[in-house]
Amino acid sequence: MGRPSIEPVVWHAPPPGPKPTPAPLPALTLHDAGGEGAEDVLVDVDGSVVTGLADGRVVRLDPRGGAPRTIADTGGRPLGVERHPDGRLVVCDAARGLLALDGGHVEVLVARGEHGLRLCNNAAVAADGAVYFTDSTSRYDLADYRADIIEHSATGRLLRRDPDGAVEVLVDGLAFANGVALTPDGSAVIVSDMAAYRLLKVATATGESEVFVDDQPGFADNMSLGTDGLVWIAYASPRDPKVDRLVAGPPALRKALWLLPQKLQPSPQRTVWVRAIDPVTGATVHDFYGEPADFHMATGVREHHGTVWVGSLVEPVVAAFPVPR
């Protein structure tokens, strides 16, 4: 399969006119994750919630209560978490690459550095065991993710690892490639071209790609296919006019900004924003936004039989709320 071409990112301001107003975020129930940085969330087959922490542990939470239980330690920084058809967990580890967990055993599927992999971020696993995963940037590590967004180098990629171990680049030139979700029938994979504020759709059979949803209202982080058949998106932060102006400016200015102290650089806003879209049309079905005092920076989201679970790159908890009827 040849790699499809994608039009290069050309920055443009959000379109004029009234913007859709999200619904108020329902009240959140917070669950202790046992450590900081519960970045993504997976609801497992037994109803437990799995997340990865900044200290390298992957933990399992019982929604009914009780202390989190460590099920593995990757020795790196786990981000996206998915379930493989064979029962293993697939973990995108920013420091180690694409991993598979079988109990406490950690298997490296694609090591950091192999096939140019630098920042493995999020994944979706097909019924046949093929893993679609993102490499956010070839220039920076996770600690410096804001540098890639500010510089807008667009070195992110979507890759696929086949069950036989072969790895192929499906799309490159993405501006901090992030969330990945398969459509319900497995005919396409949707990927977040985060810093370009758009979602792409890539046909799994042919590799043909297209812009699926443009002019996103924020930085679309992890994505997942819910039990409701919708693709859920976590926005780490709304669009920032300062970042928009920087991207439109000369590269030298963007690089100079990255050299300034962090407190002078653009930072994520203290928000929680999740949205669900139709995987065929891209139309928004659910849209929830809030600024709760005790949780922010939604980076992972998973709908499971009417409950939405939310993870955060920085919080020591995962949040949950029911989808309003």
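Me: What are the ground rules here?
Reply: It's a predicted model, so local features need pLDDT of at least 70 and side-chain atom pairs count only at pLDDT 80 or more, while totals for chains, interfaces and linings use all residues. Residues are numbered from 1 along each chain as its sequence is written, and side-chain values use heavy atoms, with hydrogens and water left out.

Me: Why is the contact between Arg112 and Asp141 called a salt bridge?
Reply: The rule asks for a side-chain nitrogen of Lys or Arg within 4 Å of a carboxyl oxygen of Asp or Glu. Arg112 and Asp141 sit at 2.4 Å, N to O, so the pair qualifies. By that rule the count comes to 17 salt bridges.

Me: What makes Arg112 and Asp141 a link between separate parts of the chain?
Reply: Arg112 is in the loop between strands E10 (105-111) and E11 (120-125), and Asp141 is in the loop between strand E12 (131-135) and helix H1 (145-151), so the pair ties together parts 29 residues apart in sequence. Those labels are DSSP runs, numbered from the N terminus: helices (H or I) have at least four residues, strands (E) at least two.

Me: Are Arg112 and Asp141 buried, exposed or partly exposed?
Reply: Buried means under 20% relative accessible area, exposed over 50%, and partly exposed in between (1.4 Å probe, protein chains only). Arg112 has 35% and Asp141 has 33%, so both count as partly exposed.

Me: How do you know which class Asp135 and Arg157 fall in?
Reply: Asp135 is at 0% and Arg157 at 13%, so both are buried. Their side chains also meet in a salt bridge at 2.9 Å, N to O. Asp135 is in strand E12 and Arg157 in strand E13 (residues 156-161), 22 residues apart.

Me: What makes Asp287 and Arg275 a salt bridge?
Reply: Their N to O distance is 2.9 Å. Asp287 lies in strand E22 (residues 284-290) and Arg275 in strand E21 (residues 272-277), so the pair ties together parts 12 residues apart in sequence. Salt bridges that share partners also join Asp44, Asp46, Arg60 and Arg83 into one network.

Me: Why are E17 and E18 called a pair?
Reply: Pairing takes at least two DSSP bridges between two strands. Four bridges join E17 (residues 198-203) to E18 (residues 209-213), so they pair, and they run antiparallel. Leu199 stands opposite Val213 in E18. The two strands form a hairpin with five residues between them, and Gly207 in the turn has a positive phi of about 80 degrees.
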